[in-house]
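This briefing goes through a sheet, the helices packed on it and a handful of individual residues. Please keep the sequence and the structure open while reading.

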Amino acid sequence: MSARPFIRHVVFFSARDKKDVPTIVEGLSLLGNIPHSQNFGVSQNRRKDALSDDVDVIVYAEFDSEEALAAYKAHPIYQESIDIVRPLRELRIAADF
């Protein structure tokens, strides 16, 4: 298996209270201002899957290297986003591949 040219970083969030979903989206959208990702997006779940209704918001980002992902997580905006979102979220599941 050959090495991937980039790392995909996907994080799923659920809100404690559905009224907070727009604030969660705003808080996570700050992450797009961090310069280390090659591709970045935040979206609300469209809820088209009848078997799962747990996820409210998704973050998707691509990074050129492990170092770029680490720099993204070390950036001050990352902590700013956490400070906004953590009190409002119930679930957070992250995957890097």
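The model is predicted, so local features need pLDDT of at least 70, side-chain atom pairs count only at pLDDT 80 or more, and totals for chains, interfaces and linings use all residues. Residues are numbered from 1 along each chain as its sequence is written, and side-chain values use heavy atoms, with hydrogens and water left out. Helices (H or I, at least four residues) and strands (E, at least two) are DSSP runs, numbered from the N terminus.

- An open sheet is formed by 4 strands in the order 2-3-1-4, with antiparallel pairing; two strands pair if DSSP finds at least two bridges between them.
- The edges are strand 2 (39-44) and strand 4 (89-96); each has a single partner strand, so one side of each is left without a neighbour in the sheet.
- From one strand to the next, the twist averages 10 degrees.
- Strands of a sheet pair through backbone hydrogen bonds, either parallel or antiparallel.
- Strand 1 and strand 4 are paired in the antiparallel sense over 7 bridges, and H9 stands opposite D96 in strand 4.
- Strand 1 is also joined to strand 3 by 7 bridges, again running antiparallel, with V11 opposite V59 in strand 3.
- Strand 2 pairs with strand 3 in the antiparallel sense over 6 bridges, and V42 stands opposite V59.
- Strand 3 is mostly covered, as 6 of its 7 residues are buried; buried means under 20% relative accessible area, exposed over 50%, and partly exposed in between, with a 1.4 Å probe and protein chains only.

**The helices**

- The axes of helix 1 and helix 3 (residues 76-85) come within 8 Å and cross at roughly 170 degrees. Axes are lines fitted to C-alpha atoms, for helices over the stretch in contact, and angles run from 0 to 180 degrees between N-to-C directions.
- The crossing makes helix 1 roughly antiparallel to helix 3; angles over 145 degrees count as roughly antiparallel, under 35 as roughly parallel, 65 to 115 as roughly perpendicular and the rest as oblique.
- In this packing, T23, I24, G27 and L28 of helix 1 meet S81, I84 and V85 of helix 3. Contact means heavy atoms within 4.5 Å.
- The residues of this contact divide into 4 nonpolar, 3 polar and no charged. Ala, Val, Leu, Ile, Met, Phe, Trp, Tyr, Cys and Pro count as nonpolar, Asp, Glu, Lys and Arg as charged, and the others, Gly among them, as polar.

**S14 and its partners in contact**

- S14 lies in strand 1 (residues 7-15) and counts as buried at 7% relative accessibility.
- Leaving aside neighbours within four places in sequence, S14 is in contact with D54, D56, L88, R89, E90 and L91.
- A polar atom of the S14 side chain lies 3.0 Å from the backbone nitrogen of L91.
- L91, in strand 4, is partly exposed with a relative accessible area of 27%.
- Not counting residues up to four places away in sequence, L91 touches F12, F13, S14 and D54.
- L88 is placed in the loop between helix 3 and strand 4 and is buried, with a relative accessible area of 17%.
- Beyond four places in sequence, L88 touches S14, A15, R16, D20, T23 and I24.

**The loop between strand 2 and strand 3**

- D56 is found in this loop and counts as buried at 2% relative accessibility.
- The side chains of D56 and K18 are joined by a polar contact of 2.8 Å. A polar contact is a pair of N or O atoms within 3.5 Å; within protein, one must be able to donate a hydrogen and the other to accept it, and residues adjacent in sequence count only if both atoms are side-chain atoms.
- Among the residues that D56 touches, not counting those up to four places away in sequence, are F13, S14, V21, S43 and R47.
- R47 is in the loop too, and counts as partly exposed at 34% relative accessibility.
- R47 has a positive phi of about 55 degrees although it is not a glycine. Most residues other than glycine have a negative phi.
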